[in-house]
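Take a look at the structure below.

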Amino acid sequence: MDLNLAPDDAQLKTINQYPLRVLLYSHDSVGLGHLRRNLAIASEITATFENASVMIVTGSSCATQFVLPRNTDLIKIPTITKNDRGEYVTCSFGGSLQVTLAFRSKMILEAFRSFEPRLVIVDHQLTGLKGEAMAMLREARARQTLLFFGMRDVKDGAEAVRRAWDNDESRWALNECYDQVCVYGMQEVFDPREVYAPLLDTVRRCDFTGFIVRPEKLVVARRAPRARKKVLVIFGGGVDGAQRAEQYLQALANTPAHWDSLIVTGPMMEPGVIRGLTDKAQKIQPIGSVKIKRFHRNIPRLLRKVDAVVSMAGYNSCAEILQSGVPAVLMPRSFPREEQLIRAMRMAQLGWVSAMPQANPDPEYIFDAVERALKTSRTGSPQADLNGLNNLSRIILDHLQLTAQSEARPRAEQAVGCLA
C-alpha cells in the first residue's frame, strides 16, 4: 500500500457513518513510552474517524497523570514492573506474579467483551506480558475482530527477540492472529524484517508507518543575544535514569558550564534519588545554573525553548527530538534490553544525533559532547519520517474498507439470489 496517498474522502465519509470502537492494549511495565504512544494514537483515531471511541487498557502506574483525548477512556490494570535484575515483579497488587498476571488477563478479556471493539491494537508484546492477552486474542480472532500488532522500530537485540518469539503462541500470533503488523519507524533506520528474520517472513501484512509523534508547531523561542544557552536533560519516565543523571551532574561539577540546565527526572524516579540529585545540583557552579523538575506534561514544548538536549534513547524521546530539530546527545542504556543502544547508534550513523555507547562515559567526554551540540545549528532531520500517526490512520482506513467490501459482497449475492 502506498502510504503517501491521501484517504479517499468519499470512502472515509462512508466509514464515518458507523461507530468505530478501538481497544488499545499495552502491558506498560517500565517507563512512559507505551502509554504516551497509545495516547497519541487514540488522539489521532478520534480526530480522523468522526464516530470513533477508544478504550486504552494499560498497566502504567502513571496512567492518570495525562489528559485523555476526546472520546477516549482508560482501564488501569495492576502494575507489574522490573527489579534490578530485569525480572518482572508485582508493584502494589497483593499476591504472586502469577496471581497478578491471571487477574490482569481476566481484566483484559472482560474489557474486550464489554467494549466490543471493531479493532484491537496490541502494543509491543505479541501476546501480552507473559501471554496475558492470549485469551483476548483468541476470542477476538474467533469473532473476526481486526487485530493489529504495533511494534516500535527496535524491540531488542536479534537473539533476544528470537528467544522471546520462538514458541507456539508467538508463531500463532504472527502467522495466524494479526491482520496487520505496524512498525512504528523507518526501514532506513532499522528493519525488523531483516534483523529478526525469519520470524516476520510469513506475517499477513507488514508496513512501516514512520515515527509516532504528535504534530507540533516548530516555533523556537527567541532569546536575548547574550543570554546563557539552555540544555534540557530528560530520562523518559525516570525509573532507570539515575545513573545518567549522576553522570551528567558529575560532568558539570568538574568544569563550570557556560550554559544552564533543566533536568526533568521523570515521575517514576525514586523521591530519595531526586532529593540526592537536587542536593548535588545546588552545589554546581554557577549556583542556580542547574534546576531539577520531576515531571512535565509537554516535553516537546520544552524542546522548542532549548539549544541542546541530553537524553536517554527511548522511542518517544528520540521521535520528539527528531521532530524538534534540537541538537541531541544520547546516553542510551543497554540493560535489560539493547533497544536504546541500537536505536542511538543507528541514528548517530545517519548523522541525526550524537550518541555515547559507553555505559560509563568519562565526564569530560560528556561535557565536550554537550559543547559540540551547542555549537550545532537547529536544522532538524529532514530525512526522518514523522508522519506515523497519519500513516497509521491510512492503514486502519484501508482495512476498514476491505472489511466493508467483504461484508457487502454476501449481502449483494443474497439480494441477487432473492431476485432470481
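S393 has a relative accessible area of 6%, so it is buried, because the cut-off for that is under 20%. Keep in mind that this model is predicted. S393 belongs to helix α14, which covers residues 388–419. Beyond its neighbours within four places in sequence, S393 touches E44, T48 and F49.

Now turn to a pair of helices. Helix α2 spans residues 33–48, and helix α11 spans residues 315–324. Their axes lie 8 Å apart, at an angle of about 55°. Therefore α2 is oblique to α11. On the α2 side, G33, R36 and R37 make the contact; on the α11 side, Y315, N316 and E320 do. Sorted by class, this contact has 1 nonpolar, 2 polar and 3 charged residues.

The whole structure holds 7 aromatic pairs. One of them joins F211 and Y315. Their rings are tilted, with 45° between the planes and 6.0 Å centre to centre. F211 sits in the loop between β9 (206–208) and β10 (229–234), while Y315 is in helix α11. The two are 104 residues apart, so the pair links distant parts of the chain. F211 and Y315 are both buried.

Elsewhere, ring pairs join F149, W165, Y178, F190 and Y196 into a cluster.

| Charged residue | Ring | Distance to ring centre |
|---|---|---|
| R37 | Y315 | 5.0 Å |
| R138 | W172 | 4.5 Å |

How values were computed. Residues are numbered from 1 along each chain as its sequence is written. This is a predicted model: local features need pLDDT of at least 70, side-chain atom pairs count only at pLDDT 80 or more; totals for chains, interfaces and linings use all residues. Side-chain values use heavy atoms; hydrogens and water are left out. Helices (H or I, at least four residues) and strands (E, at least two) are DSSP runs, numbered from the N terminus. Buried means under 20% relative accessible area, exposed over 50%, partly exposed in between (1.4 Å probe, protein chains only). Contact means heavy atoms within 4.5 Å. Axes are lines fitted to C-alpha atoms, for helices over the stretch in contact, and angles run from 0 to 180 degrees between N-to-C directions. Angles under 35 degrees count as roughly parallel, over 145 as roughly antiparallel, 65 to 115 as roughly perpendicular and the rest as oblique. Ala, Val, Leu, Ile, Met, Phe, Trp, Tyr, Cys and Pro count as nonpolar, Asp, Glu, Lys and Arg as charged, and the others, Gly among them, as polar. Rings of Phe, Tyr and Trp (its six-membered ring) pair if their centres lie within 6.5 Å; planes under 30 degrees apart count as stacked, over 60 as edge-to-face and the rest as tilted. A charge sits over a ring if NZ of Lys or CZ of Arg is within 6 Å of the ring centre and within 35 degrees of the ring normal.
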